[in-house]
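The sequence and structure come first.

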Amino acid sequence: MTFCMTDELKEKFQVLAIERTSPFCYGCYKVVGNVGDDSGLCTGCGSDDLMRHLDGVGVEYGSEWVIENLIDEESESINQDDIYDDMLDDCYESVKIGTLEYSVSHVLKCVDQVAYDIGKHEYFDSLVEDGVYIELNGEYYVPDIE
Ligand SMILES: [Zn+2]
């Protein structure tokens with residue numbers, strides 16, 4: 001699994017994944033129901049070993065590939081640096097060096113890029129746990145789901 005989200009969001013996406021796909025029987029090699037059908041049995045041969053068919057994308061077992069596609073197609077990815085910088089600069093006073101003044105995000109990036117990256121990762125991981133974002137292949141998305 002390459003996406004990460006709360007169980008609550010995952011349940012909603014699983015429902016949506018069924019709603020957007022049709023049952024497909026590999027044995028009969030055809031779509032065996034309408035989009036959104038989830039009866040679990042092939043109307044042709046009675047097999048319960050059904051795949052899901054997503055129009056224009058393909059056929060595969062399970063719903064996780066459909067969920068990945070839904071996130072990729074319909075959710076908005078965020079600019080991690082912009083959001084993390086804003087958080088840092090809202091939470092911490094700017095840094096004064098002599099008469100000059102620098103934002104914390106700028107200083108941290110220049111002084112310790114590794115600490116910046118680790119902090120950014122931890123920040124977004126905690127927001128994924130809170131259901132604010134979804135992670136998919138290293139990108140973060142705003143979940144667009146009711
Ligand atoms: Zn069949």
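The model is predicted. In the hairpin formed by β2 and β3, four residues lie between the strands, and Tyr29 takes a positive phi near 50 degrees. Cys25 has Lys30 in β3 as its bridge partner.

Strand β2 (residues 22-25) also pairs with strand β4 (residues 50-54), in the antiparallel sense and over four bridges. Here Phe24 stands opposite Met51 of β4. The two pairings of β2 are listed below.

| Strand pair | Sense | Bridges | Residues opposite each other |
|---|---|---|---|
| β2 and β4 | antiparallel | four | Phe24 and Met51 |

In a regular strand, side chains alternate between the two faces of the sheet. In β2, Ser22 and Phe24 point one way, while Pro23 and Cys25 point the other way. All of these residues are buried.

The domain assignment divides the chain into domain 1 (3-74) and domain 2 (78-131). The C-alpha centres of domain 1 and domain 2 are 40 Å apart.

Helix α3 (residues 80-91) packs against helix α5 (residues 113-129) at an angle of about 90 degrees, and their axes lie 10 Å apart. The two helices, α3 and α5, are therefore roughly perpendicular to each other. Gln80, Tyr84 and Met87 of α3 meet Lys120, Tyr123 and Phe124 of α5. The residues of this contact between α3 and α5 comprise four nonpolar, one polar and one charged.

Technical notes
Residues are numbered from 1 along each chain as its sequence is written. This is a predicted model: local features need pLDDT of at least 70, side-chain atom pairs count only at pLDDT 80 or more; totals for chains, interfaces and linings use all residues. Domain bounds come from an automatic or database domain assignment. Axes are lines fitted to C-alpha atoms, for helices over the stretch in contact, and angles run from 0 to 180 degrees between N-to-C directions. Angles under 35 degrees count as roughly parallel, over 145 as roughly antiparallel, 65 to 115 as roughly perpendicular and the rest as oblique. Two residues are in contact if their C-beta atoms, placed from the backbone, lie within 7 Å. Ala, Val, Leu, Ile, Met, Phe, Trp, Tyr, Cys and Pro count as nonpolar, Asp, Glu, Lys and Arg as charged, and the others, Gly among them, as polar. A residue is buried if 20 or more other C-beta atoms lie within 10 Å of its own, exposed if 12 or fewer, and partly exposed in between; C-beta atoms are placed from the backbone. Two strands pair if DSSP finds at least two bridges between them.
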